[in-house]
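Hi everyone, thanks for coming. Let me put the sequence and the model up on the screen, and then I'll walk you through a few places in it.

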Amino acid sequence: MKQEIKSLIGYLKTLNRKIEELLHRSRLEEAKEMIDEYAKYLRDADYYSFLASYKLQIGEFNDALQILIEGIGKHPFHYEMNYNLGIIYETKEAIKSLKYYTYACKYARGQEEKDKALDNIQRVSGMLLTNSKTNNEQIHSEIKRCRDILNEKDGRAFPLDQNGKSLIRSILHAGTDEELLVNMYKSFKVTDVDNSTAMYFKTELFKGKNNQGEIDFNLKNPAIVPISLIEPFTKVDVTVNNEKFQFEEEHFVYNRYHYLKLDEGNVKIKTNKNIFVGNPIEVAEQPKHPKLVLKIFIDGLAFKFLEQKGMDHLMPNTNKFFRDGFISTNCYATSEWTLPSKASINTGKYATNHKLLHPTYNFAFEKFNELLPGYLKKAGYFTTKICTNWRTTPSFGYYKGFDRIVYQNFCGGMDCGEVIAEAIEHLAAFEKHNNYVSISLMDLHNVPDEIEDTLYGQTNTDLRYRIDTKNKGETSVLTKYDENKIIKYYQEIKRVDVFLGTLFDYISNKYTNDEILVVLHSDHGQTFLENEKEQESNILHDSRRKIPLMIKGNHVPNLMSDEIMEAVDILPIILELCGIEIPKHIDGKLPTSFGGESKRQFAITQVLHPNQSYKAAISDDLHLFYFETKDNVGDDLSINVENFTVVLINKETQNDDTILYAEKVNQYEQVVFELIKDFIRWDKEAN
């Protein structure tokens, strides 16, 4: 059966080459027939390029433009599509072509492609600047924007933008439902940040509207209204049901948000300068069940390690809290590192479907995906994120669906103790509201990153394990086996559990079980927990793949479950327990433990990372299936699947069952192919 996939790949490559040849020879009717045939199997980057080329040759320029725009949405880092968009825009709106030529330059696969795009940028820029009908100021602005594109950073820079400019008190996403403003948080006299200080201060974000002059609105219920000044020396007059309150600058400093507790009725806010008025946070008339949805994310917590050391010993507070709830013993990460894994948890989609994958290039995945907080916000929850994770900042798209975000980069010092303190204060401040609170705890990241800065960890680690082994991997999840790190990892988990105990005690004292839904999970495990032999056999071992999933609260079964689950299932579980309809277009599946119709037969984890081979691991009750390509993933995230290896290992005997279970091997090859087929690239030079 394996040959069937190989044969399909061979057929598609031959078809690809024939289409290219027919388009080159302008045999358009034949080319269109073959493009339609190709589309039955693949919608890869070549498909969009072929179809656009066909449309251009028959003179349908607008159709070609729309096809390439759609293609860029699915393959944003593809050189040819960006370059061809530049060509089309040059004939229509030349100034727009500069952006796409610039992206082509950025995503070029070699110096020749880069020079080709640069030549077009220089030629079009010169043409526009010498054209008397163009606005030179506009042209210079666009040229600067193109330079910024070439030098932009990714979302880890938040609260700086992609070009290192502070976002503090800037209006973002203006005119949309997601309009927001970021300000300092608890920083006293510090009013702004730059590249050298950004990680050392907390920021606070609210959704709302930029306003000047007089704002007039009615509240049906008592509410909290957050406001932020944008400039100093701003006067604010607030009138509630004809009772007036005047605030001078000494009352409302401009480097933080201020909260107005208002009664129901007519509210007028009058100012002499622009201010940002957050959306009113009204007290719900009928509390929901669950009233509190709390999602606790612990970066890099490996479930296999918890099993080996014992939950009751390693995390006694966590074990005590969840022991009358649901604990999965068989949940798998769908990706091997944080960026794609967290996006999968928040969208319910595999990484190859949500496409937030690239470690350095920017992709606005939130424009193409609904996120978990958005579902809960629509259901009437006040949605809040208290975060230290530099891979889930608002600049990565995680502003979407959240009403309030408190953020500080973990490297700046905001540890689990501060995160939990902020979460408790938030719940106390907004206790009458229906809350969704998402918190991230990054403390375990210190171990593979070889950072020691906690009192608990240092005082509980024997001196012989304190010396760094300098065994840090290219990335934290690629760090090799290290006994010293295992000892430190053990202590850091215990430390995190100490602080979680405070949070669990607060929840237990303030809420009944039917008022809460508390979910604890991770994004991936750790490679350094397994020995060299296990790592060499396959890097996607259980210490890296298996993650904790613990749930407690309203309608949650008291169950220790070995049902196969995946990280993408977290979203449908939460939606089901909150009475929200589960969307049909996601990859997440509702487990039978929560009312799902059928169990998963297997779980899959993918590694799709530039300059590494593509890998996938599939686990079922009997076997482990491993898939790996010979060639590395391209910088545009393309995958050459013409040469790959597979192996099927019996979990009990460790025997190679690849030949014995040929039908299963073919099934799992089909699963992998379906997930990656739109990322395929062809070796055009090979015979």
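Which residues of α21 are buried? They are Lys-664, Val-665, Asn-666, Tyr-668, Glu-669, Val-672, Phe-673, Leu-675 and Ile-676. By buried I mean under 20% relative accessible area, with exposed being over 50% and partly exposed in between, for a 1.4 Å probe and protein chains only.

Some housekeeping before we go on. This is a predicted model, where local features need pLDDT of at least 70, side-chain atom pairs count only at pLDDT 80 or more, and totals for chains, interfaces and linings use all residues. Residues are numbered from 1 along each chain as its sequence is written, and side-chain values use heavy atoms, leaving out hydrogens and water. Helices (H or I, at least four residues) and strands (E, at least two) are DSSP runs, numbered from the N terminus.

Back to the helices. The expected span of a helix is 1.5 Å times one less than its number of residues. For α21, residues 662-676, that gives 21 Å for 15 residues, and the end C-alpha atoms are 21 Å apart, which agrees. Helix α17, residues 483-510, has 28 residues and should span 40 Å; its end C-alpha atoms are 41 Å apart, again in agreement. At the start of α17, a side-chain oxygen of Asp-482 comes to within 2.9 Å of the backbone nitrogen of Asn-484.

Now to the strands. Two of them pair if DSSP finds at least two bridges between them. Please find β23, residues 613-619, where 7 of the 7 residues are buried. Ser-613, Lys-615, Ala-617 and Ser-619 point one way, while Tyr-614, Ala-616 and Ile-618 point the other way. β23 pairs with β22 (residues 603-607) in the antiparallel sense over 5 bridges, and Ile-604 has Ile-618 as its bridge partner. The hairpin of β22 and β23 has 5 residues between the strands, and there Asn-611 takes a positive phi near 70°. β23 also pairs with β24, residues 623-632, in the antiparallel sense over 6 bridges. In that pairing Lys-615 stands opposite Glu-628, and a hairpin of 3 residues joins β23 to β24.

Further along, Leu-637 sits in the loop between β24 and β25 (644-650). Its phi is positive, near 70°, though Leu-637 is a residue other than glycine. Leu-637 counts as buried because its relative accessibility is 4%.

Let's move to another sheet. In what order do the 4 strands of the open sheet run? The order is β4-β9-β6-β7, with antiparallel pairing. β4 (214-219) and β7 (243-247) are at the edges with a single partner strand each, so one side of each has no neighbour in the sheet. Inside this sheet, β6 (residues 236-240) and β9 (residues 265-271) pair over 5 bridges, and Val-238 stands opposite Ile-269.

Asn-242 has a positive phi of about 75° although it is not a glycine. Is Asn-242 buried or exposed? At 77% relative accessibility, Asn-242 counts as exposed.

One more backbone detail: the peptide bond from Phe-158 to Pro-159 is cis, with omega near 15°. You'll find Pro-159 in the loop between α8 and β1 (171-172). That's my tour, so over to you for questions.

Definitions and conventions: A polar contact is a pair of N or O atoms within 3.5 Å; within protein, one must be able to donate a hydrogen and the other to accept it, and residues adjacent in sequence count only if both atoms are side-chain atoms.
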